[in-house]
Each structure stands twice: as C-alpha cells, then as structure tokens.
Amino acid sequence: FHNSPEKDKMIKLGARLAEDLRISMLNLKKFNVKNAALYKKQADDSMKNLMIVSISLSFLMIFILLIVSFSIVKSVNDSIKNIVTAMQQIRLNSDLAFRIPHAEANSEMAVIAKEVNVFLEGLHCSFLNIRKTAFNLEAIAKEVLKTSSVVSHAVHSQSDSTSTISSSVEQ
C-alpha cells in the first residue's frame, strides 16, 4: 500500500471527499446565513405585526374606556341636574309634597334622592302638624274671644245693673 496506484486512488478519493465536504460545508454555511436572514426578517415582521396589534388594542381599550367614562359622567351629571331642578321647583313653588324622581335603585344619586325625599316627607309632616295645631289654636282663640265677649257683655250688664241699683239706693 506504500506507493501503489490504489494508495493514490485512495488519496485522490479522500481529497475529493474532503473537497466535497468543504464545498458542502460552504453551501451549508451559505444556506444557514440565508435562512438566518430569512428567519430574522420573519421574526422582525412578526414583532412589527405584534406591536401594531398591541397598539391597536391599546387604542381600542382607551376608546372604550373613554366612552364608558363619558357615559358614567353624563349619567351622574343628569342625576345631579334632576335633583337640582327638583330642589329649585320645591323652593320656587314652596311645595313640600313634591318628590324627587329616581329610577336607578342602586346608584348613589338614587340614594341621595331617596334620602332627600325622606327629609322632605318629614318636613311636610311637620308643617302639616303645625298647620293643624294652628287651626286648633285659631278655633280655641275664637272660642276664647266669644267667651270673653259674653263675659264682657255680662260684666257691662252687671255694671249697668249695679249702677242702676246704686242710683236707686242713693235716691
């Protein structure tokens, strides 16, 4: 095997295999570089798409939150306006029988309206009792006036009688 044609064949075969291996390695390296660039581009595109979707969802959530917050603010403002309007109507008409309307049973404004209505009911009852007491006092005052008028008339009559008797006695 020392300098034989088979040895030369084997060396040439080994050299060709080594060259083929080197070329395959170079091709594999080029393929890997090309694929790495492609994968990097795909990853970059995916990241961009993810960022676009995330930003879009963020803007959508902000928009939804703005709509919800504006509707809450409008609802509270409307409830406050209703309470203020009702209170102005009570003040202008001096009508303690008027009640503040409230539709939402669990809202804070409905609770305030209910409590104001309870307060108004208490005031209304108090004023009705005061009115009733005033009418009773008026009736009593009229009776006292009538009685004092009768007594006054009786006193004048008695005084006249006493004066007449006194004059008769003197004569």
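Asn-117 is buried, at 10% relative accessibility (buried means under 20% relative accessible area, exposed over 50%, partly exposed in between, with a 1.4 Å probe and protein chains only). Asn-117 lies in helix α2. Helices here are DSSP runs of H or I with at least four residues, and strands are runs of E with at least two, numbered from the N terminus. Asn-117 touches Arg-99, Ile-100 and His-102, leaving aside residues up to four places away in sequence. Contact means heavy atoms within 4.5 Å. The model is predicted, with pLDDT of at least 70 required for local features and 80 or more for side-chain atom pairs, while totals for chains, interfaces and linings use all residues. Residues are numbered from 1 along each chain as its sequence is written, and side-chain values use heavy atoms, without hydrogens and water.

Helix α2 spans residues 108-170. It has 63 residues. Its first and last C-alpha atoms are 90 Å apart, close to the 93 Å expected at 1.5 Å a residue. The expected span is 1.5 Å times one less than the number of residues. The buried residues of α2 are Met-109, Ala-110, Ala-113, Val-116, Asn-117 and Leu-120. These buried residues pack against α1.

The largest nonpolar core has nine residues. They are Ile-83, Ala-86, Ile-90, Leu-96, Ile-100, Met-109, Ala-113, Val-116 and Leu-120. Both α1 and α2 give two or more residues to this core. The largest contribution, four residues, comes from α2. A nonpolar core is a set of buried Ala, Val, Leu, Ile, Met, Phe, Trp, Tyr and Cys residues joined through side-chain atoms within 4.5 Å. In soluble globular proteins, nonpolar side chains tend to be buried together. Leu-96, one of the core residues, touches Ile-90, Leu-120, Leu-123, His-124 and Phe-127, not counting residues up to four places away in sequence.

Ser-94 is in the loop between α1 and α2. Its phi is near 50 degrees, a positive value in a residue other than glycine. Ser-94 is exposed, with a relative accessible area of 62%. Asn-82 lies in helix α1. This residue is partly exposed, at 45% relative accessible area. Asn-82 and Arg-99 are 17 residues apart in sequence. Their C-alpha atoms are 11 Å apart in space.

Helix α1 covers residues 5-93. A nonpolar surface patch of about 1,000 Å² is made by Val-53, Leu-57, Leu-60, Met-61, Phe-63, Ile-64, Ile-67, Val-68, Ile-72, Val-76, Ile-80 and Val-84. Patches are made of residues with over 30% relative accessible area and no salt bridge, with like charges joined within 9 Å and nonpolar side chains (Val, Leu, Ile, Met, Phe, Trp, Tyr) within 5 Å. Accessible areas come from the Shrake-Rupley method with a 1.4 Å probe, and for residues only the protein chains shown count as cover. Ile-67, one of the patch residues, is in helix α1. Ile-67 is partly exposed, with a relative accessible area of 44%.

Six salt bridges are counted. A salt bridge is a side-chain nitrogen of Lys or Arg within 4 Å of a carboxyl oxygen of Asp or Glu. Side chains of opposite charge can pair when their charged atoms come close. Arg-22 pairs with Glu-19 in a salt bridge, with the closest N and O atoms 2.5 Å apart. Both residues lie in helix α1, three residues apart, about one turn of the helix. Arg-22 is partly exposed, at 44% relative accessible area. Glu-19 is also partly exposed, at 33%.

A salt bridge also joins Asp-44 to Lys-40, with the closest N and O atoms 3.3 Å apart. Asp-44 and Lys-40 are about one helical turn apart because four residues separate them in helix α1. Asp-44 is partly exposed, at 35% relative accessibility. Lys-40 is exposed, at 53%.

In helix α2, Lys-142 and Glu-138 are four residues apart, about one turn of the helix. They form a salt bridge, with the closest N and O atoms 3.8 Å apart. Lys-142 is exposed, at 53% relative accessibility. Glu-138 is partly exposed, with a relative accessible area of 38%. An α-helix has 3.6 residues a turn, so residues three or four places apart point the same way.
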